[in-house]
Amino acid sequence: MGHNRCFSTYDDDFEFDDAYFRQFYKPLSNLPTPPPSSKSSSAAQSPRIGEDAENLNYDEYLGPAAHLARMLPPGASFMTPSIPMVQGILARANLPMDIIALAVCILDFLNSRFSRSWRISFPLNKPNELLPKRHTLPAGAAQAVHIDNVFPEVIILAALIIADKFVEDSQGSTQYYGAMWGRNRWTCEQINFTERCIMETLGYRILPLWEAKFIKQARHDIEMARRELLEGSMELAENKENKMTKHAKSMSSGDAMMGLGRQLTPVETPQSELSTPFGHVQSVGRETREAFSNNMVLPRDYLHLPSAAMSQ
């Protein structure tokens with residue numbers, strides 16, 4: 001039997017504290033939880049997503065995807081996690097927000113020790129390994145011959161799978177999760193290994209993370225991440241609009257008039273072109289301007305050829 005219990009979405013009287021927001025969670029005690037997936041488990045017990053999942057609106061998963069991406073453990077990968085990729089995983093999984101919040105708590109529990117163990121022992125494909133026989137696997141999964149070429153979103157996928165199994169008591173196969181949620185970006189062996197590393201770090205105990213106060217705080221953090229992204233996008237749009245407005249204003253500062261058979265021209269010549277005897281060139285030095293503005297008449301023999309006597 002699963003642990004199907006829902007918590008309130010947000011507290012209307014909750015005042016956001018930025019300092020508290022960045023503290024997140026504390027390490028907890030541990031209790032047993034179901035083991036990772038196996039290839040032999042049945043996929044029929046996990047009918048969570050339909051064939052029309054690609055038509056879902058990804059915008060509603062922007063906040064959860066951004067927060068899950070920033071919760072990856074430090075040092076796990078040098079690749080920056082892709083928020084759109086995480087959005088796709090969430091949209092295809094179609095998980096309740098409480099399960100996503102539990103995955104956030106799981107990721108927050110992971111530390112640098114997990115990252116080191118995951119990087120060292122992650123199952124990579126050999127350079128001379130042939131492509132898999134299953135034509136549904138993309139070339140990217142078969143060409144991951146170095147840990148830094150592996151998409152780090154597999155850690156998020158594994159955390160979501162563990163949270164879904166714990167709450168819903170689902171028995172979906174790794175092949176199902178990898179194909180339906182992950183679009184075959186990772187092999188079953190890689191997903192199973194990542195699940196096992198997470199469970200070993202948690203001590204195979206998740207129940208302490210499934211508390212109302214932690215789930216509520218995780219959902220609040222997800223909402224704040226969504227608001228930050230929306231505010232950032234609005235600010236970028238405003239800055240772009242202001243730049244375009246300033247550029248349009250600087251195109252012309254005077255009135256235009258139409259002559260007979262002539263094009264639009266300014267009413268009068270800008271004063272900046274009349275300020276120097278060199279037209280629009282205003283960057284000449286003071287000595288140069290004084291030299292050319294000197295009206296003193298030079299003698300005729302100022303410039304002359306040397307005399308014959310001097311040449312001999």
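**Reading helix packing, burial and salt bridges**

Q: At what angle do α2 and α3 pack, and how far apart are their axes?

A: Two packed helices are described by the angle between their axes and by the distance separating those axes. In this structure α2 and α3 pack at an angle of about 120°, with their axes 8 Å apart. That makes α2 oblique to α3, a word for whatever remains once angles under 35 degrees are called roughly parallel, over 145 roughly antiparallel and 65 to 115 roughly perpendicular. The axes are lines fitted to C-alpha atoms, for helices over the stretch in contact, and angles run from 0 to 180 degrees between N-to-C directions. The model is a predicted one, in which local features need pLDDT of at least 70 and side-chain atom pairs count only at pLDDT 80 or more, while totals for chains, interfaces and linings use all residues. Residues are numbered from 1 along each chain as its sequence is written, and side-chain values use heavy atoms, with hydrogens and water left out.

Q: Which residues of α2 and α3 meet?

A: On the α2 side, Leu62, Pro64, Ala65, Ala66, Leu68 and Ala69 meet Ile83, Val86, Gln87 and Leu90 of α3, where contact means heavy atoms within 4.5 Å. The helices themselves are DSSP runs (H or I, at least four residues), numbered from the N terminus.

Q: Is helix α3 mostly covered or mostly uncovered?

A: Buried means under 20% relative accessible area, exposed means over 50%, and partly exposed lies in between (1.4 Å probe, protein chains only). Helix α3, residues 83-93, is mostly covered, with nine of its 11 residues buried. Met85, Val86, Gln87, Gly88, Ile89, Leu90, Ala91, Arg92 and Ala93 are the buried residues in α3. They pack against α2, α4 (97-109), α7 and α8 (174-181).

Q: What is the phi of Asn94, and where is Asn94 found?

A: Most residues other than glycine have a negative phi. Asn94, however, has a positive phi of about 55° although it is not a glycine, and this residue follows α3, in the loop between α3 and α4. At 40% relative accessibility, Asn94 counts as partly exposed. Arg183 is another residue other than glycine with a positive phi, near 55°, and its place is in the loop between α8 and α9. With 33% relative accessibility, Arg183 counts as partly exposed.

Q: How many salt bridges does a search of the whole structure find?

A: A salt bridge is a side-chain nitrogen of Lys or Arg within 4 Å of a carboxyl oxygen of Asp or Glu. By that rule, a search of the whole structure finds six salt bridges.

Q: Which parts of the chain does the salt bridge of Arg70 and Glu228 link?

A: Arg70 forms a salt bridge with Glu228, and the closest N and O atoms are 3.6 Å apart. The pair links distant parts of the chain, with Arg70 in helix α2 (residues 62-70) and Glu228 in helix α10 (residues 212-250), 158 residues apart. Arg70 is partly exposed, with a relative accessible area of 40%, and Glu228 is likewise partly exposed, at 34%.

Q: Are Lys165 and Glu195 buried or exposed?

A: The side chains of Lys165 and Glu195 meet in a salt bridge of 3.3 Å, N to O. This pair also links distant parts of the chain, since Lys165 is in helix α7 (residues 153-168) and Glu195 in helix α9 (residues 188-202), 30 residues apart. Lys165 is buried, with a relative accessible area of 7%, and Glu195 is buried at 1%.

Q: Why are Arg226 and Glu223 separated by about one helical turn?

A: An α-helix has 3.6 residues a turn, so residues three or four places apart point the same way. Arg226 and Glu223 are separated by about one helical turn because they are three residues apart in helix α10. Their side chains meet in a salt bridge of 2.5 Å, N to O. Arg226 counts as partly exposed at 29% relative accessibility, whereas Glu223 counts as buried at 13%. Glu223, Arg226 and Arg227 are linked in a network of salt bridges.

Q: How far apart are Asp221 and His67, in sequence and in space?

A: Asp221 and His67 are 154 residues apart in sequence but 7.5 Å apart in space, C-alpha to C-alpha. Asp221 is found in helix α10 and is buried, with a relative accessible area of 0%.

Definitions and conventions. Helices (H or I, at least four residues) and strands (E, at least two) are DSSP runs, numbered from the N terminus.
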